[in-house]
Amino acid sequence: MRALADLRRAIRTWAIRALVDDEIGGIYQHTAQRVNQFLTDLGLGPLPRAHHVTVVADLTLPVAAGTARQACDAARDTMRPATTSWPDAARPWTAYGWTDPEEAVPDGDGWRVAWRHEYEMWLRGHTTSATATTGAEALARGDLRRALTGVGYHLVAVSVTVEDVGVDLYLDTDND
């Protein structure tokens, strides 16, 4: 029984690793569905499903700078703690942002810079798109509060879109 359990785990790990490492080519969700079907046909559990959610936060940042270009550079530095290119346990998303020097507005001794920050998330454990939307917005707002502690930013608008539901894009070969 132990050998059979080890074999089942090895097959599952191999299949997930092949999917994660893109050893099995093709469009991710189509390929993931085929891998999922392979696993379930063998009597193994399905791959974890997740909602793919995009959150866009528009905000203004106060920055001290001499020119609009310098103000945009300062805004980018201010937003660095809220930027990530790969999800991890603490921040299960990617996040990046941008601004345009033409949208920087002089404000006393500095500038107010319009910044658009976009989060892309794959959220597990939500049964509906509505709960995924609520969860994603709360995560993005919390991340901005944490990253911008002490910055007098103004959150102008937050929009949330559930793009899709499917096999989680960020599988972990050790835990999934």
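A residue counts as buried when its relative accessible area is under 20%. The model you are looking at is predicted. Colour the protein chain by burial. Of its 176 residues, 38% count as buried.

The accessible surface of the protein chain is about 9,700 Å². Carbon and sulfur atoms account for 55% of that area.

Four helices and five strands make up the elements of the protein chain. Their order is α-α-β-α-β-β-β-α-β. The radius of gyration is 21 Å, well over the 16 Å that the globule rule gives for 176 residues, so the protein chain is more spread out than a compact globule. The C-alpha trace spans about 75 × 30 × 30 Å along them.

Next, display contacts between residues at least 6 apart in sequence. Of these contacts in the protein chain, 73% join residues at least 24 apart.

Select the charged side chains. There are 17 positive and 24 negative charges in the protein chain.

Is Asp 22 buried or exposed? Asp 22 is exposed, since its relative accessible area is 54% and the cut-off for exposed is over 50%. Then check its backbone. Asp 22 has a positive phi of about 60 degrees, though it is not a glycine. Most residues other than glycine have a negative phi.

Note on methods: Residues are numbered from 1 along each chain as its sequence is written. This is a predicted model: local features need pLDDT of at least 70, side-chain atom pairs count only at pLDDT 80 or more; totals for chains, interfaces and linings use all residues. Side-chain values use heavy atoms; hydrogens and water are left out. Helices (H or I, at least four residues) and strands (E, at least two) are DSSP runs, numbered from the N terminus. The radius of gyration is taken over C-alpha atoms; the globule rule is 2.2 Å times the number of residues to the power 0.38. Buried means under 20% relative accessible area, exposed over 50%, partly exposed in between (1.4 Å probe, protein chains only). Contact means heavy atoms within 4.5 Å. Accessible areas come from the Shrake-Rupley method with a 1.4 Å probe; for residues, only the protein chains shown count as cover. Lys and Arg count as positive and Asp and Glu as negative; His and the chain ends are not counted. The place of a charge is taken as NZ of Lys, CZ of Arg, CG of Asp or CD of Glu.
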